[in-house]
Amino acid sequence: MGICLSILAVSIVDNSITDREVSLTLQPAADANPIEHYIVLYKPALNGKKEWKYKRSENTQITIQSLKPLTKYKVVAVGYTSNKKTYGSQEITFETLNGM
């Protein structure tokens, strides 16, 4: 099972970042095989030892909740096809807003 990197694009939905959540769009490349489900991995960017948390989705839009305010996060996504092919994304970062 090989991983094809950068064939899956991750982007932040406009105006979706709050103090505790963010919505992401997952866009496979045009020549990618149909993706059955996605795993989005995320963690605070400044804590290298912290384990990645993840959220699974069958949709191309996903909302990550229960984040900490004023925190920079790293996000990466992986898409899985029915024939066991795996597509990966580039890592992106974002910062949550102040909750006050």
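Tutor: Leaving aside neighbours within four places in sequence, Ser82 is in contact with Pro34 and Glu36, where contact means heavy atoms within 4.5 Å. The model is predicted, so local features need pLDDT of at least 70 and side-chain atom pairs count only at pLDDT 80 or more, while totals for chains, interfaces and linings use all residues. Residues are numbered from 1 along each chain as its sequence is written, and side-chain values use heavy atoms, with hydrogens and water left out.

Ser82 and Glu36 are 46 residues apart in sequence, yet their C-alpha atoms are 6.2 Å apart in space. Ser82 sits in the loop between β6 and β7 (86–89). Strands (E, at least two residues) and helices (H or I, at least four) are DSSP runs, numbered from the N terminus. Ser82 is exposed, with a relative accessible area of 54%. Here exposed means over 50% relative accessible area, buried under 20%, and partly exposed in between, using a 1.4 Å probe and protein chains only.

Next comes Thr81, which lies in strand β6. Thr81 is buried, at a relative accessible area of 5%. Not counting residues up to four places away in sequence, Thr81 touches Asn33, Pro34, Ile35, Glu36 and Tyr87. The side chain of Thr81 also reaches the backbone nitrogen of Lys85, at 2.9 Å.

Now the hairpin itself. β6 and β7 pair in the antiparallel sense over three bridges; two strands pair if DSSP finds at least two bridges between them. The bridge partner of Tyr80 in β7 is Thr86. Four residues lie between the strands of this hairpin, and Lys84 takes a positive phi near 70° there.

In a regular strand the side chains alternate between the two faces of the sheet. Both faces of β7 are covered: Thr86 and Gly88 on one side are buried, and so are Tyr87 and Ser89 on the other.

Terms used
Polar contact = N/O pair within 3.5 Å; in protein donor to acceptor, adjacent residues only side chain to side chain.
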